[in-house]
Amino acid sequence: MRFETKAIHVGRGIDPLTGAVTSPLHLSTTYERAADGSYTNDFMYSRGDNPNRRALEACLTSLESGFDCVTYASGMAAISSIIEALPQDLPRRVVMPDDMYFGIRALISETDIGKRFDIAIADMTNLAEVEKVIQDAPTGLVWMETPSNPLVKIVDIKAITKIAQKAEAYTVVDNTWPTPALQRPLSYGVDFSLHSVTKYIGGHSDLMVGAIVAKSDSIYLKNLRAWQHEKGAVPSPFDCWLALRGVQSLSPRMRVHCANALELAEFLEAHPKVEAVHYPGLASHAGHAIAAKQMSSFGGMLSFQVKGGEKEAMEVAANVKIFTRATSLGGTHSLIEHRASVEKDKTMAPANLLRVSVGIENIEDLKEDLSQALE
């Protein structure tokens, strides 16, 4: 099956009891044992496994062409698990990009993960710097985020994976922004593809799930499954059900997100009150050639800098009528946010930068809204 067909059919089936074409929601926390002590379909307790979670994991594994998938209660639960589950015989060093999701910065600075692991930062658009940082000390995990949040930098997945493999380090790509509809990290040799399913895969801003898809079997994968089960950060059956519903429309949604984002980026780049636009679909973007090589399209996320400073950027965000001023991304509706005021002293975002999650509304309405806000 091709991608769009997998998104609709993998993990689903006709309910044998009722003939329902939509998978039932299984809310039970516990399951009856047979007279011989066995469990029907291996389900025992919902923390360990659940039919809705199993269906979602099967679907995401298929979409990434992976070996297995482990889902969690949130994207941050998946992120913390892949750091903590690093096999004990590997170095505690994790190499991360200089521009990355703000939640990871907070995780490193505000929890014991930053003390228990040696976090090294590198500009991952500079391969020589990446190689030097990895070679400076034994490294267990190399983390990539492409496109990055919020500066929309592009990382050469294949090149960095080769550098990491030489150092015998595992690799992970945060694939939340492009989704497997646009980018398949495992096909470049990456060990794990990570998602905040909350975003584009769910697609409607109404659920919270994280996921890690593994390229192959390993002790690392077994650790991730143990972290899910024993630490209990599992997604609810309803959130899994919602995610499996949402993923059915992922491919057509992404086509509209991408088309709208490119047209909006071109509009902003030509606007006299815009200082810079960060979107890999623009020929002017430093990572355009790499993005064109490893992505089938350029995604629905962009950021732009308003001429002036924080005051001018905040005024633009304050005056939108269709865009919603809100955190998060990936829903059908367009969102705009001044990131520096959210991230404060830990921010990498310029004071005049606004991050935009471009929705699937009519593009002319979105352009008109930003036009009047900029004026």
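Colleague: Which strands does helix H9 lie across?

Modeller: Some ground rules come before that. This is a predicted model, in which local features need pLDDT of at least 70 and side-chain atom pairs count only at pLDDT 80 or more, while totals for chains, interfaces and linings use all residues. Residues are numbered from 1 along each chain as its sequence is written, and side-chain values use heavy atoms, with hydrogens and water left out. Helices (H or I, at least four residues) and strands (E, at least two) are DSSP runs, numbered from the N terminus. Now, helix H9 (residues 219-231) lies across E1, E4, E5 (170-174), E6 (192-196) and E7 (210-214). Contact here means heavy atoms within 4.5 Å. The helix runs at about 30 degrees to E1; axes are lines fitted to C-alpha atoms, for helices over the stretch in contact, and angles run from 0 to 180 degrees between N-to-C directions.

Colleague: In what order do the strands of the sheet come?

Modeller: Strands of a sheet pair through backbone hydrogen bonds, either parallel or antiparallel. Here seven strands make an open sheet, ordered E1-E7-E6-E5-E4-E2-E3, with mixed pairing. E1 (68-72) and E3 are the edge strands, each pairing on one side only. From one strand to the next, the twist averages 20 degrees. Two strands pair if DSSP finds at least two bridges between them. For instance, E2 and E4 (residues 141-145) pair in the parallel sense over two bridges, and valine 94 has leucine 141 in E4 as its bridge partner.

Colleague: How many salt bridges does the structure hold?

Modeller: Side chains of opposite charge can pair when their charged atoms come close. The structure holds 21 salt bridges, each a side-chain nitrogen of Lys or Arg within 4 Å of a carboxyl oxygen of Asp or Glu. One of them joins aspartate 118 and arginine 93, with the closest N and O atoms 3.0 Å apart. Aspartate 118 lies in strand E3 (residues 118-122) and arginine 93 in strand E2 (residues 93-97), so the pair ties together parts 25 residues apart in sequence.

Colleague: Is arginine 93 buried or exposed?

Modeller: Buried means under 20% relative accessible area, exposed over 50%, and partly exposed in between (1.4 Å probe, protein chains only). Arginine 93 counts as buried because its relative accessibility is 10%, whereas aspartate 118 is partly exposed at 40%.
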